[in-house]
There are 2 protein chains.
Amino acid sequence: MRSRTTSSELAERLLAGEKRALARAISLVENGDPAGAELVAGLYPRTGSARIVGFTGPPGVGKSTLIGALVKELRERERRVAVLSIDPSSPFTRGALLGDRIRLSEHFLDDDVFIRSMASRGALGGLAEAALQAALVMDAAGFDEVLLETVGVGQAEIDVVDHADTVVLVLMPGSGDSIQALKAGVMEIPDVIVVNKAEHPLTDTMVREVRTALSLGPGGDWKVPIVKTVAADGTGVSDLLDAIEAHRVHVEATGTLEQRRARNLRNEVLGLAAARMRRRLERRIAEDPAVAALLDDVVARRIDPASAAAELLARGGDRDGDG
Amino acid sequence: MRSRTTSSELAERLLAGEKRALARAISLVENGDPAGAELVAGLYPRTGSARIVGFTGPPGVGKSTLIGALVKELRERERRVAVLSIDPSSPFTRGALLGDRIRLSEHFLDDDVFIRSMASRGALGGLAEAALQAALVMDAAGFDEVLLETVGVGQAEIDVVDHADTVVLVLMPGSGDSIQALKAGVMEIPDVIVVNKAEHPLTDTMVREVRTALSLGPGGDWKVPIVKTVAADGTGVSDLLDAIEAHRVHVEATGTLEQRRARNLRNEVLGLAAARMRRRLERRIAEDPAVAALLDDVVARRIDPASAAAELLARGGDRDGDG
């Protein structure tokens with residue numbers, strides 16, 4: 001039997017960059033263990049050094065393979081890399097496909113690479129909250145780079161990609177819906193766009209469509225680069241990393257990195273608070289017979305949804321429990 | 001100057017199906033006027049008769065044109081139709097394109113057709129809340145059919161399409177990202193799938209891809225029909241309406257309509273309450289110097305986001321104001 005490590009021992013080992021301590025810390029956070037929250041609170045002043053890069057995009061475009069290739073490239077540049085995948089459709093999350101497993105296995109014994117995924121299910125207290133805490137822990141553990149993988153459907157109250165210093169949107173030839181969403185302004189403009197699977201004959205058409213979509217949006221002082229990659233064989237991965245680094249240099253030089261981080265952190269606090277309130281409310285609905293009766297009245301069309309919501313709040317449904 | 005109509009007069013005219021009264025009621029709701037909420041509360045027992053059909057899908061697939069064609073088909077079947085568009089990329093919302101304007105103008109003088117759009121901006125108190133209230137008002141006004149148009153990116157806490165008895169996903173050839181999202185299980189399976197712009201040579205490929213994606217998902221007792229349409233010339237629109245009606249017959253026969261409506265209404269109450277709490281919190285953050293100082297501490301890495309969220313809740317940030 002393993003002896004129980006104290007929180008400060010764990011924090012010390014983690015700050016020293018020990019991978020087992022990091023894995024344990026993330027499990028605490030994922031399980032909603034109060035020791036995890038305590039650990040993050042203690043480590044937080046030691047965060048802020050890592051470069052956080054968020055990868056988003058529809059499923060199937062090869063985000064995980066691309067991240068695998070980037071890890072290799074980053075290791076060649078002697079950077080310490082942590083990866084956190086919270087894309088439920090990702091091979092990292094689902095159990096890697098054979099190809100990815102081979103590509104990633106070369107990193108398993110590398111002390112300077114740490115890969116972790118979180119499934120949607122199971123994260124007690126909210127996946128997004130757990131993921132944000134995990135990213136902070138990775139940052140504290142001294143990784144130079146923290147790569148976050150999320151699927152671009154954004155249904156969460158807190159989008160982990162919003163925690164990133166640089167947001168990379170990954171597309172592929174055939175990503176017509178994403179192009180339309182960019183054009184229509186219903187998808188936020190990322191910092192870097194990748195067209196992966198660039199061996200496809202329609203790649204250049206896709207690049208042109210991306211360029212058109214971008215030209216319709218608001219122009220900032222950063223010109224969004226469009227990088228073609230074939231993640232499976234590493235083509236273009238070095239260019240992608242250069243584009244990410246150029247963005248980093250740009251936001252540091254213009255002072256927008258600090259602004260972005262401040263805005264992100266504020267949104268995180270708000271999102272975390274809102275998500276906790278919602279969970280309290282859900283618990284209350286499940287547990288309180290008076291609330292169940294109120295909902296039955298809504299179904300029976302005796303009281304309308306907005307009035308019922310107001311009554312729920314007036315009854316203090318947002319005050320019970322501690323999140 | 002118009003004399004001020006009382007709430008009960010407005011309700012009476014609305015229940016009689018008067019379009020001007022309906023337009024006024026929706027404006028009250030959209031502006032967050034307490035008279036709007038009062039009106040909906042009074043009308044709610046008179047709702048539940050309309051068939052609510054939700055249309056979702058990426059921008060650019062032709063949802064609005066399709067809805068325009070469906071309105072025509074429904075009028076031929078002598079149904080009274082109301083349309084509510086809350087898709088920010090919709091021509092209904094943005095100001096109709098010439099083609100749509102011509103197609104829809106034939107309905108402007110028809111007392112049995114009512115078309116309304118809501119922009120993301122401007123809806124005080126939350127777009128989703130206003131849209132749900134508007135749908136209830138349309139229902140109370142005696143329309144047989146209420147068609148809801150939303151863009152399928154689902155970032156809202158309350159998704160209006162969840163209010164629907166039947167959910168129609170509209171795609172087109174080239175909707176690769178949506179197919180991947182269906183395959184990966186990150187997009188919910190709709191009740192009916194439309195492949196619009198079916199004049200495109202790759203339509204049958206798309207239909208096969210949709211079928212494959214569906215075959216990977218959980219099989220229910222309802223087999224999701226895939227309908228090919230060319231909304232611009234009306235091709236397939238009658239088939240689509242038949243598919244929607246077949247779904248309606250199915251959910252009524254199996255008793256799942258009542259279950260679905262009960263579940264939807266419960267989720268709405270929860271979503272409305274959560275959204276109100278979040279707005280209170282946002283207001284508090286904007287107005288309370290102590291909260292602003294707390295956020296500054298997060299940015300300065302003196303207190304971590306989760307602890308700050310907990311402190312915000314403990315300080316009662318969720319109690320001020322009334323939503």
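Me: How many aromatic pairs does a search of the whole structure find over all chains?
Reply: The model is a predicted one, and the search covers the whole structure and takes in all chains. One of the pairs is formed by A:F114 and A:F143. Over all chains, the number of aromatic pairs found is two.

Me: Is the pair of A:F114 and A:F143 stacked, edge-to-face or tilted?
Reply: A pair of aromatic rings is described by the distance of the centres and the angle of the planes. For A:F114 and A:F143 the centres are 6.4 Å apart and the angle between the planes is 45 degrees. Planes under 30 degrees apart would count as stacked and those over 60 as edge-to-face, with the rest counted as tilted, so the pair of A:F114 and A:F143 is tilted.

Me: Are A:F114 and A:F143 buried or exposed, and how many residues apart are they?
Reply: Both A:F114 and A:F143 are buried. A:F114 belongs to strand β3 of chain A, whereas A:F143 sits in the loop between α7 and β4 of chain A, and the pair thus links distant parts of the chain. The separation of A:F114 and A:F143 is 29 residues.

Me: Which parts of chain B hold B:F114 and B:F143?
Reply: B:F114 and B:F143 form a tilted aromatic pair, with 6.4 Å from centre to centre and 45 degrees between the planes. Because the two residues lie in separate elements, the pair ties together parts that are 29 residues apart in sequence. B:F114 lies in strand β3 (residues 113-117), and B:F143 in the loop between α7 (127-140) and β4 (145-149) of chain B.

Me: What area is buried between chain A and chain B?
Reply: The contact draws 67 residues from chain A and 67 residues from chain B. In chain A, the residues that lose the most area to chain B are A:D177, A:L270 and A:R301, together 14% of what that side buries. Carbon and sulfur atoms give 64% of the total buried area, which is about 5700 Å².

Me: Which residue of chain B forms a salt bridge with A:D296?
Reply: Between chain A and chain B the count is two salt bridges. In the one that involves A:D296, the closest N and O atoms are 2.9 Å apart, and the partner is B:R266.

Me: Which element gives the largest share of the side of chain A that touches chain B?
Reply: The elements that give two or more residues to this side include α3 (34-43), α8 (176-183) and α11 (256-287) of chain A. The largest share is 18 residues, and it comes from α11(A).

Key:
Residues are numbered from 1 along each chain as its sequence is written. Chains are lettered from A and ligands numbered from 1 in the order in which they are written. This is a predicted model: local features need pLDDT of at least 70, side-chain atom pairs count only at pLDDT 80 or more; totals for chains, interfaces and linings use all residues. Side-chain values use heavy atoms; hydrogens and water are left out. Contact means heavy atoms within 4.5 Å. Buried area is the accessible area (1.4 Å probe) that two parts lose on being put together, summed over both. A salt bridge is a side-chain nitrogen of Lys or Arg within 4 Å of a carboxyl oxygen of Asp or Glu. Helices (H or I, at least four residues) and strands (E, at least two) are DSSP runs, numbered from the N terminus. Rings of Phe, Tyr and Trp (its six-membered ring) pair if their centres lie within 6.5 Å; planes under 30 degrees apart count as stacked, over 60 as edge-to-face and the rest as tilted. Buried means under 20% relative accessible area, exposed over 50%, partly exposed in between (1.4 Å probe, protein chains only).
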